Amino acid sequence: MIRRASLVIVGALMGATAMSVINTVTLPAEAAGSSTYRELSIFGDVFERVRAQYVTPPKEDQLIENAINGMLSSLDPHSSYMNAKDAEDMRTQTRGEFGGLGIEVTMEDELVKVITPIDDTPAARAGVLAGDFIAKIDGADVRGLKLEEAVEKMRGAVNTPIKLTLIRKGADKPIELTIMRDIIAVKAVKSRVEGDVGYLRVISFTEKTYDDLEAAITKIKEEVPADKLKGYVLDLRLNPGGLLDQAINVSDAFLERGEVVSTRGRNEDETRRFNATPGDIVDGKPVIVMVNGGSASASEIVAGALQDLRRATVLGTRSFGKGSVQTIIPMGEAGALRLTTALYYTPSGKSIQGTGITPDITVEQPLPPELQGKLENASESSLRGHIQGQSETETGSGSSAYVPPEAKDDVQLQYALELLRGQKTDPSFPANPEKAELKK
């Protein structure tokens, strides 16, 4: 059923929504002209002047790193240089596990607030509770730190201790806990049963995504008998992307045949095609895929494949529209170059670059009063210097990237559930794979 793609392709899971190939092969290139080398000589002269004469001694490594990033950012928003720390952070994200405590957090009143401790993690075992405020980390005040800085301090090597000072409602004094860090596995898929419907939320495409999806579907099947199960909702909203091989495997899980995605580079011989294999993990049950402006890259590959091959009905609002592929090329001192090398295409041959996936059924999610006028649409087409898509128009890509915290307020989810239960009807539901126009 599932073919494990031999090509290891990764993406930035936080912010950049890029897909990338890990590649150690150096490809030949045409030699630069003499004028190029003259310009490089000027760059060297400028560097020496700055290094020797700037009013305060600059950090030479930062000068060079910033110069490299300046060159790459002039190409498109997704090409960049990653120093050793950035490259390791990317690898940590794609592995889906790290050394830490096991808490979901946010920032409130300049303190780190615990949303929830993850079950069976060091934080949960030590007695950290939802609603606790972290005031100090290893004796240092949290006030003044950004959330990502506080999170970085709480992460660390496995089997190393950390001391947290907590403020808890109802406690007459701060609570001090010493916790030993452990490996924290972040679930890539969250699931639940909505009565007679299986709900699958794919958060990101890490190394664990397909395995988490398979486990979630198995659990749903155990909870709801096959004759009672109406179908599945595959929620890809707010999913920024990740590993291409995982996007292929997730698509393949629902498909019996057909091309899942193709990637096309600068040269025709660089085109790669990835095909589905027989076997449907949900036994042909109806599937509704939900997308919004926060659905990008790998999540758009899944939505596009299931839509083009008529295996699922796509519902929601237009997706982000990030259709380029970034190759991760290891560099010296464990840094890496992230370089755009290809565009990807859905089974019907469409590029979603700058256009996104258009849902079969458009359902807008209303914003709560406190967010109205304050939330900008997320889109590739609005990024400065983005690669112009072959089908891109002034309409562009993207839409609102808001999902309510409570299912009862989730208009898009409720619409999907009503379709699956037959309480609503639409010509595009259920999707029929026999009507897909497959490539020969």
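**Exercise 1. Find where S379 lies and say whether it is buried or exposed.**

Start with the place: S379 lies in the loop between strand 21 and helix 9 (411–420). Helices (H or I, at least four residues) and strands (E, at least two) are DSSP runs, numbered from the N terminus. Before going on, note that this is a predicted model, where local features need pLDDT of at least 70 and side-chain atom pairs count only at pLDDT 80 or more, while totals for chains, interfaces and linings use all residues. Residues are numbered from 1 along each chain as its sequence is written, and side-chain values use heavy atoms, with hydrogens and water left out.

Next, the surface: S379 has a relative accessible area of 6%, so it is buried. Buried means under 20% relative accessible area, exposed over 50%, and partly exposed in between (1.4 Å probe, protein chains only).

Leaving aside neighbours within four places in sequence, S379 is in contact (heavy atoms within 4.5 Å) with F320, S397 and G398. The side chains of S379 and S382 are also joined by a polar contact of 2.9 Å. A polar contact is a pair of N or O atoms within 3.5 Å; within protein, one must be able to donate a hydrogen and the other to accept it, and residues adjacent in sequence count only if both atoms are side-chain atoms.

**Exercise 2. Work out which strands stand at the edges of the open six-stranded sheet.**

Write down the order: the six strands run 12-13-14-17-18-21, with mixed pairing. Now look at the ends. Strand 12 (189–194) and strand 21 (361–362) are the edges, each with a single partner strand, so one side of each has no neighbour in the sheet.

Then step inside. Strand 14 (residues 231–235) and strand 17 (residues 287–291) pair in the parallel sense over four bridges; two strands pair if DSSP finds at least two bridges between them. Here V233 stands opposite I288 in strand 17.

**Exercise 3. Name the partners of strand 20.**

Begin with the strand itself: strand 20 (residues 336–345) is mostly covered, with eight of its 10 residues buried. Take the partners one by one:

- Strand 3 (residues 80–82) runs antiparallel to strand 20, with three bridges, and S80 faces R338.
- Strand 15 (residues 259–265) is antiparallel to strand 20 over four bridges; G265 has A342 as its bridge partner.
- Strand 19 joins strand 20 through seven bridges, again antiparallel, and V325 stands opposite A342.

Strand 19 and strand 20 form a hairpin with five residues between the strands, where E333 takes a positive phi near 55°. Now pick T327, found in strand 19 (residues 324–330). T327 counts as buried because its relative accessibility is 8%, and its side chain makes a polar contact with the side chain of T341 (2.6 Å).

**Exercise 4. Which rings have a charged end sitting over them?**

Go through them in turn. The charged end of R192 sits over the ring of Y199, 4.1 Å from its centre. For R264, the ring is that of Y345, at 3.9 Å from the centre. The test is that NZ of Lys or CZ of Arg is within 6 Å of the ring centre and within 35 degrees of the ring normal.

**Exercise 5. Is G170 buried or exposed?**

Locate it: G170 is in the loop between strand 9 (161–167) and strand 10 (175–180). Then check the area: at 81% relative accessible area, G170 is exposed.
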